[in-house]
Amino acid sequence: MAVEIKMVVEADLKQVFLVGLAVNGICSHYPFTKLEGYLIETCVVEAVINVVKHAYEDPKGKELAVICRADKESMIFEVWDWGKGMDGLKPAALDFDPEDVTSLPESGMGLFIIQQVMDEVNYLSQDTKNVLTMTKKFTPQEPPHHAA
């Protein structure tokens, strides 16, 4: 049985934490570890921040949507906006020296994190709507051990 939850929020950085709380809460009701729930929350929040910062020249009064859909095997998270689209989805790479902490970038790591955490990431820009789709498969559950 598929379940779908849709959240529509103003494209405002002050609203981002609400999306994060909702996503983490939703993940807690599915077979994800706490760490996976936190990582999924981070990915969706990164995607929402990117919309606020890059899709809308002036985000005031604009909206974005987050759709969470669950089936038997996975959860799919879509982040929709109606602003400027990306130039496609390329594999993200980090360009810094990990031995030199001063070279760590302050931004630009969101897409890399999303691609590392999620099992599948797709992007579609059609007409006036942009959709980033992130899929995370459920953690296989170990059967309970019974005493002999």
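This is a predicted model: local features need pLDDT of at least 70, side-chain atom pairs count only at pLDDT 80 or more; totals for chains, interfaces and linings use all residues.
Glu 4, Arg 69 and Glu 78 are joined in a network of salt bridges. A search of the whole structure turns up two salt bridges. The protein chain has 148 residues, 35% of which count as buried, and its secondary structure amounts to three helices and five strands.

**Salt-bridge network**

- Side chains of opposite charge can pair when their charged atoms come close.
- Glu 4 and Arg 69 meet through their side chains in a salt bridge, at 2.9 Å from N to O. Because Glu 4 belongs to strand β1 (residues 3-10) and Arg 69 to strand β2 (residues 63-70), this pair ties together parts that are 65 residues apart in sequence.
- Arg 69 also forms a salt bridge with Glu 78, where the closest N and O atoms are 3.3 Å apart.
- Arg 69 counts as partly exposed, because its relative accessibility is 25%.
- Glu 78 has a relative accessibility of 13% and therefore counts as buried, the cut-off for buried being under 20%.

**Helix α1: span and buried side**

- Helix α1 covers residues 16-27. With 12 residues, α1 reaches 17 Å from its first C-alpha to its last, close to the 16 Å expected at 1.5 Å a residue.
- Which residues of α1 are buried? They are Val 16, Val 19, Gly 20, Val 23, Ile 26 and Cys 27. These residues lie on the same side of α1, because they cover an arc of only 130° around the axis.
- An α-helix has 3.6 residues a turn, so residues three or four places apart point the same way.
- The cover over the buried residues of α1 includes strand β1, helix α2 (34-55), strand β2 and strand β3 (74-81).

- Phe 17 and Leu 21 are exposed residues on the face of α1 turned away from its buried side.
- Leu 21 has a relative accessible area of 56% and is therefore exposed, the cut-off for exposed being over 50%.
- Phe 17, Leu 18 and Leu 21 make a nonpolar surface patch of about 320 Å².

**Loop between α2 and β2**

- Where is Glu 57 placed? Glu 57 sits in the loop between α2 and β2.
- Glu 57 is exposed, because its relative accessible area is 87%.
- From C-alpha to C-alpha, Glu 57 and Lys 84 are 8.1 Å apart in space, and they are 27 residues apart in sequence.

**Chain as a whole**

- Of the contacts in the protein chain between residues at least 6 apart in sequence, 64% join residues at least 24 apart.
- The protein chain has an accessible surface of about 9700 Å², and carbon and sulfur atoms account for 54% of that surface.

Terms used
Residues are numbered from 1 along each chain as its sequence is written. Side-chain values use heavy atoms; hydrogens and water are left out. Patches are made of residues with over 30% relative accessible area and no salt bridge: like charges are joined within 9 Å, nonpolar side chains (Val, Leu, Ile, Met, Phe, Trp, Tyr) within 5 Å. Accessible areas come from the Shrake-Rupley method with a 1.4 Å probe; for residues, only the protein chains shown count as cover. A salt bridge is a side-chain nitrogen of Lys or Arg within 4 Å of a carboxyl oxygen of Asp or Glu. Helices (H or I, at least four residues) and strands (E, at least two) are DSSP runs, numbered from the N terminus. Buried means under 20% relative accessible area, exposed over 50%, partly exposed in between (1.4 Å probe, protein chains only). The expected span of a helix is 1.5 Å times one less than its number of residues. The arc is that of the directions from the helix axis to the C-beta atoms. Contact means heavy atoms within 4.5 Å.
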